[in-house]
Amino acid sequence: MSNAQSVDIIVQGAGPAGTIAAIKLQQLGFTVAVVTQPSRYPTVIEGISQRSYQALENIGLQQLCAAISPAVPRYIDWGERSGQANGERLIHREVFNAALLAELRQRDIAVQTAAKVTRQWSPASEQWRVAAGEHSFTAPLLIEACGRQARVAAEQSRAAATVSLHQHWQRPAAAERPPYTAVAAVAQGWLWYVHAGDGQIYTQLSCGGDSAQTLSHSAAAIAELAANLDPQLFALDDASARGELLSRGATPRLNRAAASRHLIAVGDAALAADPLSGNGIYQSISSALIAPAVVNTLLTAPDRAELAIDFYQKRINHLYQRFGRLGREFYADEQRFQQQPFWRQRLSWPDAQPSHVQPDQILGSALRAVVEDDLISRGEVVITANHPLGIWRIGGELACERLRRHGTPLPSLD
Ligand SMILES: Cc1cc2nc3c(=O)[nH]c(=O)nc-3n(C[C@H](O)[C@H](O)[C@H](O)COP(=O)(O)OP(=O)(O)OC[C@H]3O[C@@H](n4cnc5c(N)ncnc54)[C@H](O)[C@@H]3O)c2cc1C
């Protein structure tokens with residue numbers, strides 16, 4: 001094996017979270033290497049909102065954005081709601097993953113791919129050594145970005161087990177119509193149907209672990225479920241299954257040790273949301289944008305390490321709780337199946353609190369960790385019901401100063 005190349009930071013995993021973290025860390029002046037394995041699920045399709053697309057565009061990921069479809073109409077059959085809901089953009093993960101690697105290479109970030117990546121922490125030298133085939137890198141800090149395959153040693157907060165069953169289909173050309181997606185509640189869970197164009201159909205059934213076992217025997221079981229739905233939107237009667245039915249774990253998961261002095265987990269390695277939220281990629285972008293200031297603090301202002309670690313973990317916990325509550329509210333909108341085990345289990349998790357208080361309530365001010373000049377420091381923030389971690393700045397202005405100037409009372413919460 002050749003000698004290891006020494007860098008400031010190794011990113012393990014080149015999904016959206018690892019890629020964005022690597023690019024942002026390079027922009028802060030660090031040397032970064034990305035080491036990744038090929039995806040276990042290259043053939044899946046995912047949908048993203050305009051907000052997620054905009055976030056990728058704002059980061060400057062033009063090649064990646066070019067690999068994402070234009071927005072297609074999205075229909076919904078969920079509780080009281082039915083009809084066209086909004087639009088979404090489609091991601092063919094194989095194409096998307098290749099574009100992520102292209103974004104890294106375009107920026108001269110070292111990228112190594114191998115069927116198996118190994119890593120080792122040496123307490124004596126306080127260095128990681130990560131190897132991909134013949135190549136290896138050493139660094140004092142590792143970004144854990146292996147998605148749901150990440151090793152999570154610390155206690156996790158798990159919800160009821162969810163499994164998604166994925167199937168590609170082909171319909172005769174006569175059934176052609178412009179691309180669209182549709183989502184429907186069914187007794188066992190929910191079905192996402194993608195009409196990708198050229199008669200190509202993709203279905204993703206998300207259900208509880210037990211149902212997945214029963215249904216995964218054949219694509220015919222999925223077609224049977226679809227036969228009870230609106231035939232204009234969920235037609236599979238004249239479709240033939242292409243390839244194998246694929247089963248993918250989709251249980252929400254929180255990493256309670258997402259940050260330490262030598263490792264920061266981003267994306268699904270930090271928190272993996274219920275796919276119902278359609279927000280997985282958005283939250284990956286969010287954590288990958290928060291992490292660089294934390295890493296910068298750990299490497300250049302280590303006296304503030306505890307503050308930075310606490311700052312990061314609290315944000316990860318908050319995102320997880322917020323997506324969990326949003327999911328529960330969405331499941332509660334569907335009344336027809338609430339006695340079914342899949343639905344019953346999801347009506348009380350993670351708690352009974354609303355995801356959002358309307359209107360928001362200002363609770364007071366407190367001294368909290370904030371991001372200042374790409375480092376974590378302390379600042380006085382406004383605490384509100386919807387922002388328990390605090391708002392430091394509004395536009396360019398300090399939030400507390402602005403509210404005081406307008407005569408808003410801000411009792412100290414410290
Ligand atoms: C069933 C299902 C449906 C979903 N649908 C949507 C959707 O419609 N919209 C949406 O926004 N999100 C969706 N998501 C969530 C979305 O896929 C993830 O949130 C997002 O991909 C996470 O990005 P990431 O970079 O953290 O991880 P990933 O995208 O999983 O990337 C991790 C990378 O690390 C690599 N890797 C794995 N192990 C190792 C290792 N040991 N060493 C090195 N590299 C490794 C992997 O091959 C992969 O390339 C869905 C998730 C599931 C489970």
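1. The model is predicted: local features need pLDDT of at least 70 and side-chain atom pairs count only at pLDDT 80 or more, while totals for chains, interfaces and linings use all residues. Residues are numbered from 1 along each chain as its sequence is written, and side-chain values use heavy atoms, with hydrogens and water left out.

2. Gln167 belongs to strand β12, residues 162–170. Helices (H or I, at least four residues) and strands (E, at least two) are DSSP runs, numbered from the N terminus. Gln167 counts as buried because its relative accessibility is 1%; buried means under 20% relative accessible area, exposed over 50%, and partly exposed in between (1.4 Å probe, protein chains only). Leaving aside residues up to four places away in sequence, Gln167 touches Ile201, Tyr202, Thr203, Ala219, Ala241, Arg242, Gly243, Glu244 and Leu245, where contact means heavy atoms within 4.5 Å.

3. The chain is divided into domain 1 (5–69 + 91–157 + 252–310), domain 2 (162–249) and domain 3 (356–414), with bounds from an automatic or database domain assignment. Between the C-alpha centres of domain 1 and domain 2 there are 31 Å. In domain 1, 11 residues are in contact with 13 residues of domain 2.

4. Which residues are the closest to the ligand? They are Gln37, Glu46, Gly47, Arg93 and Asp268, in a shell of 35 residues; a residue counts as near if one of its heavy atoms lies within 4 Å of the molecule or strand in question. Both domain 1 and domain 2 give the shell at least three residues each. At least two shell residues come from each of α1 (16–27), β3 (32–36), β4 (45–48), β12, β16 (240–249) and α7 (280–300).

5. By class, the shell has 12 nonpolar, 18 polar and five charged residues. Here Ala, Val, Leu, Ile, Met, Phe, Trp, Tyr, Cys and Pro count as nonpolar, Asp, Glu, Lys and Arg as charged, and the others, Gly among them, as polar.

6. Oxygen atoms of the ligand take part in several pairs. One lies 2.8 Å from an N or O atom in the side chain of Glu46. A backbone N or O atom of Pro38 is 3.3 Å from a ligand oxygen, and a backbone N or O atom of Asp268 is 2.8 Å from one. Of the 990 Å² of accessible area that the ligand has on its own, the protein covers 92%; areas come from the Shrake-Rupley method with a 1.4 Å probe, and for residues only the protein chains shown count as cover.

7. Pro292 is part of helix α7. Its relative accessibility is 6%, so Pro292 counts as buried. Apart from residues up to four places away in sequence, Pro292 touches Lys24, Leu25 and Leu28. Ile23 is 269 residues from Pro292 along the chain, with 9.6 Å between their C-alpha atoms.

8. A polar atom of the Tyr180 side chain lies 2.7 Å from the backbone oxygen of Leu233. Contacts of Tyr180 beyond four places in sequence include Val72, Pro73, Tyr75, Tyr193 and Phe234.

Key:
Polar contact = N/O pair within 3.5 Å; in protein donor to acceptor, adjacent residues only side chain to side chain.
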